[in-house]
Amino acid sequence: MRRVLIAGATSPLARYRAHEFARLGDTLFLAARDSDELERIASDVRIRFGATVHTGRFDAAAVEEHEAFLQDVIRTLGGLEGVVWVAGTMDGLAEAFRTPQAVKRLIDVNFTGAASLLTLAACYFEEQGEGFIAGISSVAGDRGRGQNYPYGAAKGGFSLFLQGLRNRLSKRGVQVTTIKPGFIDTHMTWGRDKLPFLASPQRVARESVQAILGGKDIAYVPAIWWLVMLVIRAIPESFFKRMNI
Amino acid sequence: MPDTLLQKEITGWGRYPRALCHLYRPERVREVAHTLRQEEPNGFLPRGLGRAYGDAALNSEGGVILMERLDRFLAFDETTGVVRCEAGVSLADIIATFLPRGWFLPVTPGTKFCTIGACVACDIHGKNHHHDGSIGNFVRALTLLLSSGEIVRCSREVNPDIFYATVGGMGLTGITLEVELQLRRVDTAWITVDYVRTRDLDETLRTFHERDEHYLYSVAWLDCVAQGKGFGRGVLMFGKHAQIDHLPAARRQNPFTIPRKREKTVPVDLPEFALNPLSLKAFNGVYYTTHPSREGVLVDYNTYFYPLDSILQWNRAYGKRGFVQWQCVLPYEKGIENLTRILETAQRRRAFPFLSVLKRMGESSGGILSFPMPGYTIALDFPVRNGLFEVLDELDKIVIEAGGRLYLAKDARMSAETFHATYPQLPRWQAVKAQVDPKGLLQSDMERRLRLMEAVK
């Protein structure tokens, strides 16, 4: 039995990730801003899997609250073995191409908030000498594209952050896994027809928990995205800048 | 929150008719109310997993709210078996979660791939209707989002008029957000089945009347192609939940574990000629011959209740134009004559159903627009062909004269006149609808086709 914190727990992706851990008998702390949704998801996990599930309010962008928050989580669970960062948003992407406030908001939630909480978690696990950290980044962070770079840049930064964290913590018995999902069938992609390799959130959750428990460093989910991004990253910049993808 | 909208052509399970709808798929409960505030010329309609056959869950040029992502269990009482969950929870999910703990659905239709919200909206019935009535009898309370944005709780005691207008109300009174359902205690995942093969319609109905009351479940498969002496012959399947000591010793350790079935799928639309009188005759003949009378056969719940669920997309077997399922209920008075007239008319007009199912119904749950009434119900599947609807109109006339009615969850084509003539309680429903949805925000293709909010003679 592990004690696992899931930060940003009200997206479908986070919910099914909670299912996967609960199925294995883990004790969970689900944290998010939307407390009504949080309670619904927590009851659901308790009823389906008989798991012990705690909840707490968590705002990714409010970094000044993160230290007290993490202490509260550890106190409630009586310890901590894993942190999964799922919080992320694409809301406001359209405005982020024009307005500083919107681009700041995207970076605050997708990068700064993640880096803040995981820095605290890293120190805790480093001292403990065991634990795991998993961050849900995105294939959008693998190459800057005209259509979503404000989001992609935050996710790309997050990927680099996790990479560095892995380098720092691997000598201390702490595992860091970077998950890079492709298109997931949620409200983020709803209404955009014919996206390639669109995967259900259940599948992405299942495969990413497998990657975490299997001790992977970097996992593309579904795995086909490894190949897709290999090709996309290989396109020369002089050519890529004129492409519309 | 982003507006989630997708314009798409969708259908019911019969794949007839088709409708271009604006699809919304909320992932948070709060988004449903937000969706209802969007501009939509034809209003909104909630939709489950699209298992209603006709146009019950279509809303052309209007909003269709897919409820499938709102599928959380909210409360469960292990001692009483009462579960409270969101409307988008599927029956398959309820079974997977609670059967291992000894609880099963109190009533189930012929598929488990439908949501509990939709089951309430259609007030679905199952093989135990003669014994227990429809699902409405097991719904303790509903939470309903009205078009005004107000959330109301209703039950037999609180807001009873809203409750009875919503059970069987085809999703038109409001968006059901939560359902509180009484589950059924069972000892195993198995059903003990007695099969009785009958020679003709007389024997089929007589057997029903003689044996029905001794079983929780009963249903008959009818050979609708057989004419002359074998007219109305069939196979009756009587079932009860098996108890532990009915199971072979090897299964008693894990009474809720059943063998896994390989799922098959119909990968393409079969061509129209695949279902013709000859192939139907062959199919019906083989089915009849291979199902002799047998007692005490142990069958797992999937095989007994959901034989077609293991063939994914079986609706494609009916070809590109789709199919309609025509299901009526006929009062017992002159029941046998009316059944005979219906089957004979279909045969005479060479409209041969692929599948026909007969069962006895008991009392209504009280849902104002609920389908069931005491009598015989028969369901016939027809691939859509030129001339079919004229035949069905003829069958409708027999139903009207008999004082019966057609099942809205299946219907795709009856006339507004037929509907109004066979659902005499409609004005009562209209009064509640006018009160909970005064602007008529909740609409559907079926509602417009049957002119549900009008007075039609």
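**Exercise 1. Describe the open sheet of chain B with the order 1-2-4-3.**

Solution. Start with the strand count and pairing. The sheet is open, has four strands in the order 1-2-4-3 (chain B), and its pairing is mixed. Two terms need cut-offs. Strands are DSSP runs of E with at least two residues, helices are runs of H or I with at least four, and both are numbered from the N terminus. Two strands pair if DSSP finds at least two bridges between them.

Next, find the edges. Strand 1 and strand 3 (44–47) of chain B are the edge strands, each pairing on one side only.

Finally, look at one pair. Strand 3 and strand 4 (residues 63–66) of chain B run parallel over four bridges. B:Leu45 has B:Val64 in strand 4 of chain B as its bridge partner.

A note on the model: it is predicted, local features need pLDDT of at least 70, side-chain atom pairs count only at pLDDT 80 or more, and totals for chains, interfaces and linings use all residues. Residues are numbered from 1 along each chain as its sequence is written, while chains are lettered from A and ligands numbered from 1 in the order in which they are written.

**Exercise 2. Inspect the loop between strand 1 and strand 2 of chain B.**

Solution. Begin with B:Arg15, which lies in this loop. Its phi is near 60 degrees, a positive value in a residue other than glycine. B:Arg15 counts as buried because it has 23 C-beta neighbours inside 10 Å. The cut-offs: buried means 20 or more other C-beta atoms within 10 Å of a residue's own, exposed means 12 or fewer, and partly exposed is in between, with C-beta atoms placed from the backbone.

Move on to B:Pro17, in the loop between strand 1 (6–11) and strand 2 (18–24) of chain B. The peptide bond joining B:Tyr16 and B:Pro17 is cis, with omega about -10 degrees.

**Exercise 3. Is B:Arg350 buried or exposed?**

Solution. Locate the residue. B:Arg350 sits in the loop between helix 10 (335–348) and strand 19 (356–361) of chain B. Its phi is positive, about 55 degrees, although it is not a glycine. Now count neighbours. B:Arg350 has 10 other C-beta atoms within 10 Å, so it is exposed.

**Exercise 4. Locate the cis peptide bond from A:Val221 to A:Pro222.**

Solution. Omega of this bond is near -15 degrees. A:Pro222 is in the loop between strand 7 (218–221) and helix 8 (224–234) of chain A.

**Exercise 5. Which element gives the most to the side of chain B that touches chain A?**

Solution. Count both sides. Chain B supplies 16 residues to the contact and chain A supplies 15. Contact means that the C-beta atoms of two residues, placed from the backbone, lie within 7 Å.

List the elements on the chain B side. Helix 1 (29–36) and strand 5 (73–77) of chain B give two or more residues each. Strand 5 of chain B gives the most, with four residues.

Sort by class. The side of chain B that touches chain A has eight nonpolar, two polar and six charged residues. Nonpolar covers Ala, Val, Leu, Ile, Met, Phe, Trp, Tyr, Cys and Pro; charged covers Asp, Glu, Lys and Arg; the others, Gly among them, are polar.
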